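Student: Could we go through this model together, with each label set against the rule behind it?

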Amino acid sequence: MVSFQYYTPTQVVFGKNAEAQTGSLIKAQKCRKVLVHYGSESAKKSGLLDRIFESLQSEGIKYVTLGGVVPNPRLSKVYEGIELCRREGVDFILAVGGGSVIDSAKAIGYGLAYNGDVWDFYCKKAQATACYPIGAVLTISAAGSEMSDSSVITNEDGWLKRGYNSDLCRCKFAVMNPELTYTLPDYQTACGCVDILMHTMERYFTNEPHTEVTDELAEGLMRAVIRNAKILTTDPKNYDARAEIMWASSLSHNGLTGCGTVGDWACHQLEHELGGMFDVAHGAGLAAIWGSWARYVYTVNAHRFAQFAVNVLKVSNHFSSPEETALAGILAVEDFYRSIHMPTNLRELGVDASSEQLHELAYKCSFMGTRTIGAFRPLSQADMEKIYTMAK
């Protein structure tokens, strides 16, 4: 087990009607004016925004609004938010939505506290030293951004999708009412379940030995996600299943399941380029790439993949070698993805990429040939292109 620091400062308010506490939570932050940042018009049509506005007004808190955040959130919207907040004297940002909205809010928070271009942080030209305070009312269980230190933004100039991590952007609070996810389309729910699962899998596939406690936490969380994701395919308004998935979303990406491990994150890096080029849903992109990555790297530590297969997927450990058990586990993950109507390759994702596009994906993912990705097995640009080709 490697040395680690575990830091989770976000206050969680979980349960039915939790959004009614939004105003008092912001008032406790001693802020005067709020940007209410959201995505689609569904937040208005459902009445959620009106309930939040009422909660703010009851505490005497002024607010302005900015909607229109899309999946794979855009840098142009971040710039718009920074300009609006500076003009209106905003000192708190409330994200109402899922990971894309929260990530956009974090980027706005960084930009407000910085004299330069906020993209400097995402392209690694600068390190943030401050961020305006952020809170979240979660409507989609997926990204875990409500409790993570991560933010991912897409720059339309070149369609580069880049992430930035800093504890400065962690939400002051996260409001979680599982009922707010009832109206999600089945596809979005399934995408979210894959994203949650992958956040733990990226940390789980490590070559670091002696991580028993973290392994037990991770394996239990992954089993719970798989079990409840299947329930939601036939019973989408099952409160208990929605609650389990929502809580798993936060725990999978707040650092808990990575304590003492060295995470890989290659699949996320590979998917970021798919999202940037083809604007696919993040969870679906992860599902489409994972099997090819797994088959490319599993021989580095087949015992780890075999442990995953037996403890998480309940694969019978009757094979003659760890390699056989590992491959059975990889197939079991793909069977699970299919069971919740997720893709297992680019074709099923709806992406018909040419050889030239696959080469470009790898070139961009390698930051134009200047980096490798992954820790389980470090991947060069050539490795990345092979995995993209396998996934086709």
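Tutor: Let us begin with the rule for elements: helices (H or I, at least four residues) and strands (E, at least two) are DSSP runs, numbered from the N terminus. By that rule Phe 367 is found in the loop between helix H15 (355–365) and helix H16 (381–391), and the secondary structure of the chain comes to 16 helices and 8 strands. This is a predicted model, in which local features need pLDDT of at least 70 and side-chain atom pairs count only at pLDDT 80 or more, while totals for chains, interfaces and linings use all residues. Residues are numbered from 1 along each chain as its sequence is written, and side-chain values use heavy atoms, with hydrogens and water left out.

Student: Why is Phe 367 called partly exposed?

Tutor: Buried means under 20% relative accessible area, exposed over 50%, and partly exposed in between (1.4 Å probe, protein chains only). Phe 367 has 23% relative accessibility, and therefore counts as partly exposed. The phi of Phe 367 is near 50 degrees, a positive value in a residue other than glycine.

Student: What makes His 210 count as exposed?

Tutor: His 210 has 68% relative accessibility, so it counts as exposed. His 210 is found in the loop between H7 and H8, and its phi is near 60 degrees, again positive in a residue other than glycine. As background, most residues other than glycine have a negative phi.

Student: Why does Val 225 count as buried?

Tutor: Val 225 has a relative accessibility of 0%, and so it counts as buried. Val 225 lies in helix H8 (residues 212–234), and, leaving aside neighbours within four places in sequence, Val 225 is in contact (heavy atoms within 4.5 Å) with Cys 193, Ile 196, Leu 197, Ile 245 and Ala 248. Val 225 and Cys 193 are 32 residues apart in sequence, yet their C-alpha atoms are 6.7 Å apart in space.

Student: How do you know that Ser 250 is buried?

Tutor: Ser 250 has a relative accessible area of 0%, and therefore it is buried. Ser 250 is found in helix H9 (residues 239–253), where, not counting residues up to four places away in sequence, it touches Glu 146, Met 147 and Met 176.

Student: What makes a set of residues a nonpolar core?

Tutor: The term covers buried Ala, Val, Leu, Ile, Met, Phe, Trp, Tyr and Cys residues joined through side-chain atoms within 4.5 Å. The largest such core has 68 residues, of which Trp 290, Trp 293, Phe 305, Phe 308 and Tyr 337 touch the most other members. The largest share of this core, 10 residues, comes from helix H11 (residues 282–297). Leaving aside neighbours within four places in sequence, the contacts of Trp 290 include Met 198, Phe 205, Phe 305, Phe 308 and Tyr 337. The buried residues of helix H12 (residues 302–311), among them Phe 305 and Phe 308, pack against helix H7 (186–204), H8, H11 and helix H13 (322–339).

Student: How do you know that the radius of gyration agrees with a compact globule?

Tutor: The radius of gyration is taken over C-alpha atoms, and the globule rule is 2.2 Å times the number of residues to the power 0.38. For 392 residues a compact globule would have a radius near 21 Å, and the chain has 20 Å, so the two agree. Buried residues make up 58% of the 392 residues in the chain.
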